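Student: I would like to learn how to read ring pairs, charges over rings and the faces of a helix. Can you take me through them on an example?

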Amino acid sequence: MAGVLYICPTPLGNLGDMTPRALDALREADVVYAEDTRVTGKLLRAFGIPAHLERCDEASLQAKVPQLIDRVQAGETVAFCSDAGMPGVSDPGQRLVAAARRARVPVVVLPGPTAVAAAYVASGFSCPRFYFGGFFPRKAGERRRTLEGLALLDAVLVFYESPRRVADALAAIARIFPGRDVAVCRELTKVHEEVFVGASVQVAEEFARREQAGGIRGEIVLVVDAAGAEEFQMAQDATREAARARAVELLDEGALSKKDIAARLQVEFGLKRNEAYELVHVGEA
């Protein structure tokens with residue numbers, strides 16, 4: 001009999017969001033691997049599900065994956081739960097699924113709650129595309145480089161963030177994108193759910209005030225609106241000017257052919273082939 005690995009989404013906070021299919025999978029499982037057995041154990045008790053729990057977090061994943069795959073290959077039904085939401089979205093589940101696919105064991109991913117989609121919709125931003133960047137960088141330089149690298153992306157930007165760092169993150173967003181709106185989605189689906197939307201500078205000021213007044217609590221998703229037409233054009237112009245200056249620099253060095261310079265501009269600035277060749281000729285003039 002073939003075994004199976006179920007990837008089971010769990011509620012972000014409201015138990016009413018647990019799906020019938022996920023409950024069935026947990027009842028059927030011979031063993032439930034969990035990012036935190038305390039969190040998943042509490043969930044299982046709430047639904048009266050007796051299950052053998054084993055921890056499988058970031059620290060223990062490498063050691064536990066071979067054992068888990070062996071159990072599926074032996075015909076057992078195995079379930080995996082992260083602390084909340086969809087396993088595999090910025091948590092150990094991603095590496096677990098990849099390992100299971102490599103081992104060619106059956107994997108069934110059950111749909112269910114995810115903070116990324118909930119926050120994107122809750123923001124009310126109208127761009128039909130979004131980019132999920134995982135956890136927002138911790139260091140100031142990395143924050144700046146991340147945001148500048150996404151400035152030309154025609155999409156809403158979505159990040160997870162810790163309540164301890166959210167004020168600093170919002171300050172960075174306000175510096176790089178002063179003309180954009182931002183939504184701070186806090187404690188989604190829970191009793192104290194909040195979706196705070198406004199201009200990036202105003203939102204940064206509000207959460208800086210909260211930080212000084214006693215701190216910020218709860219799980220947080222940051223949503224940054226896509227660039228407007230004016231900002232998008234300004235960013236394009238700035239990129240083009242930087243690429244032109246780089247072309248002049250490389251031409252003056254004389255170490256590369258025009259073809260190689262154009263290829264480097266494509267890689268460094270994300271330009272299309274024709275744009276890169278045009279800038280090489282402009283720089284040569």
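This is a predicted model: local features need pLDDT of at least 70, side-chain atom pairs count only at pLDDT 80 or more; totals for chains, interfaces and linings use all residues.

Student: How many aromatic pairs does the model have by the rule for rings?

Tutor: Two rings pair if their centres lie within 6.5 Å, and planes over 60 degrees apart count as edge-to-face. The count here comes to five aromatic pairs. One of them is edge-to-face: Phe-132 and Tyr-160, with 5.0 Å centre to centre and 65° between the planes.

Student: Which parts of the chain do Phe-132 and Tyr-160 tie together?

Tutor: Phe-132 belongs to strand S6 (residues 130-135) and Tyr-160 to strand S7 (residues 156-161), so this pair joins parts 28 residues apart in sequence.

Student: Is Tyr-160 buried or exposed?

Tutor: Tyr-160 counts as buried, at 13% relative accessibility. Phe-132 is partly exposed, and its relative accessible area is 24%.

Student: Which residue of strand S6 also pairs with Tyr-160, 25 residues away?

Tutor: Phe-135 does; its pair with Tyr-160 is edge-to-face, at 5.4 Å centre to centre and 65° between the planes. This pair, too, links distant parts of the chain, from strand S6 to strand S7.

Student: Where does the charged end of Arg-180 sit?

Tutor: Over the ring of Phe-177, 3.8 Å from the ring's centre. In another case, Arg-210 lies over the face of Phe-207, at 4.4 Å from the ring centre.

Student: Now the helix. Which residues of helix H4 are buried?

Tutor: Buried means under 20% relative accessible area. In H4 (residues 93-102), the buried residues are Gly-93, Leu-96, Val-97, Ala-99 and Ala-100. Seen down the axis of H4, they fall within an arc of 160°, so they line one face of the helix.

Student: Which residues are exposed on the other side of H4?

Tutor: Gln-94 and Arg-102 are exposed there.

Student: What covers the buried residues of H4?

Tutor: The cover includes strand S1 (4-7), helix H3 (61-73), strand S4 (77-81) and strand S5 (107-109).

Student: Which residue just after H4 takes a positive phi?

Tutor: Arg-104, with a phi of about 60°.

Technical notes: Residues are numbered from 1 along each chain as its sequence is written. Side-chain values use heavy atoms; hydrogens and water are left out. Rings of Phe, Tyr and Trp (its six-membered ring) pair if their centres lie within 6.5 Å; planes under 30 degrees apart count as stacked, over 60 as edge-to-face and the rest as tilted. Helices (H or I, at least four residues) and strands (E, at least two) are DSSP runs, numbered from the N terminus. Buried means under 20% relative accessible area, exposed over 50%, partly exposed in between (1.4 Å probe, protein chains only). A charge sits over a ring if NZ of Lys or CZ of Arg is within 6 Å of the ring centre and within 35 degrees of the ring normal. The arc is that of the directions from the helix axis to the C-beta atoms. Contact means heavy atoms within 4.5 Å.
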